[in-house]
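Thanks for taking a look at this one with me. Please open the model and keep it beside you while you read.

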Amino acid sequence: MSGRAVPDIPAVPYPPLSAAEGRNGIRKEYVHLGRSDMVLLTSWQREEDGEFSLSARWPAPAGGPAYDMRMLTQTVRQSGLTIAHAAYGAPLSDHTVLSYFDFTVAPGFAVPADAPCDLTVEVTVKNAKVRGNRVSSLDMDFRILRDGRLVARADSEFGWLSTRVYRRLRGEHFDVDWNAWPLPAPVEPRTVGRSTPVDVVLSAGDHPRHWQLRNDVDNAVLYDHPVDHVPGLALMEAAHQAANAALYPAPFEPTSVTSAFERYAEFDRPCWIEAETLPAAPGETSVVVTATQEGETVFRGRLSGPCG
């Protein structure tokens, strides 16, 4: 069964909260986080069938780029998960799967350098699929506004698998010895558009525009809690850093990003990141980033925007 609405799954009420359960009315469990301080959403409401509005607050940045792509991708991720669990009853015990994640950012978008940034997230569920009596996927459009002005737009499809199905899919990789993998040295932070080594997800490779992914669990923005595979947002961050490194020292702030997740990236083997610059529209640069493990592509991304 498919269609924008999910008629045979009743909307579920949002559970009451205690002070320990979440920050500003959003459960950290509903956005799959272990730390309440990383919950960026502050409220949500249903507008009409398949239409929702959420409020978000980004912390004041610590300097650097005009906006932090990690805050944008986390906001979209958290918005999709909140709508799925709170409005469509997706079980918290199910495992979330992303197949693609695309977004665009308005040219010149910047957040205040000295204060938190309040945003509105409008969500449209374009297509919903049901398996049995539970939602199996939601294809969603996200519109992020600041002071009523559209500053970013994203599209992504969230899917869910039961633990039984997911365990069968993951096989020997279902259980991971968390943080037991080697951690190669980071590249210089400024070359990838970051300010501290812990934020760097790339280590030098053996030829130009080639790096090894580094999974530093002290990077709480990307590794909030133990998981069995490299998070999708970590691969998107690797693409962003690889594009910046490929164009360094010219500053690069992509305004269009497409991402496709083709296979799970595992922690127990090297994941290689490679960047290639391509011709783009006048005044723009486009970088294609590919992540591979043991010769197989696990992720592809394309980032485009003004450079220099």
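Here are some numbered points, from the overall picture to single residues.

1. A word on the source: this is a predicted model, in which local features need pLDDT of at least 70 and side-chain atom pairs count only at pLDDT 80 or more, while totals for chains, interfaces and linings use all residues. Residues are numbered from 1 along each chain as its sequence is written, and side-chain values use heavy atoms, leaving out hydrogens and water.

2. You will find three helices and 15 strands in the protein; these are DSSP runs numbered from the N terminus, with at least four residues (H or I) for a helix and at least two (E) for a strand. The radius of gyration is 19 Å, close to the 19 Å from the globule rule for 308 residues, so the protein is as compact as a globular protein of that length. That radius is taken over C-alpha atoms, and the rule is 2.2 Å times the number of residues to the power 0.38.

3. Of the 308 residues, 49% are buried (buried means under 20% relative accessible area, exposed over 50%, partly exposed in between, with a 1.4 Å probe and protein chains only).

4. The largest nonpolar core holds 84 residues, and those touching the most other members are Trp-58, Tyr-67, Leu-72, Phe-103, Leu-138, Leu-202 and Ile-273. Helix H3 (residues 232–247) gives the largest share of this core, eleven residues. Such a core is a set of buried Ala, Val, Leu, Ile, Met, Phe, Trp, Tyr and Cys residues joined through side-chain atoms within 4.5 Å.

5. Pro-270 sits in the loop between strand E12 (256–261) and strand E13 (272–278). At 39% relative accessibility, Pro-270 counts as partly exposed.

6. Now for some backbone details. Most residues other than glycine have a negative phi, and most peptide bonds are trans. The bond from Tyr-248 to Pro-249 is cis, with omega near 10°, and Pro-249 lies in the loop between H3 and E12. Asp-147 has a positive phi, near 55°, in the loop between strand E8 (134–146) and strand E9 (149–161); at 73% relative accessibility, Asp-147 counts as exposed. Arg-209 also has a positive phi, near 60°.
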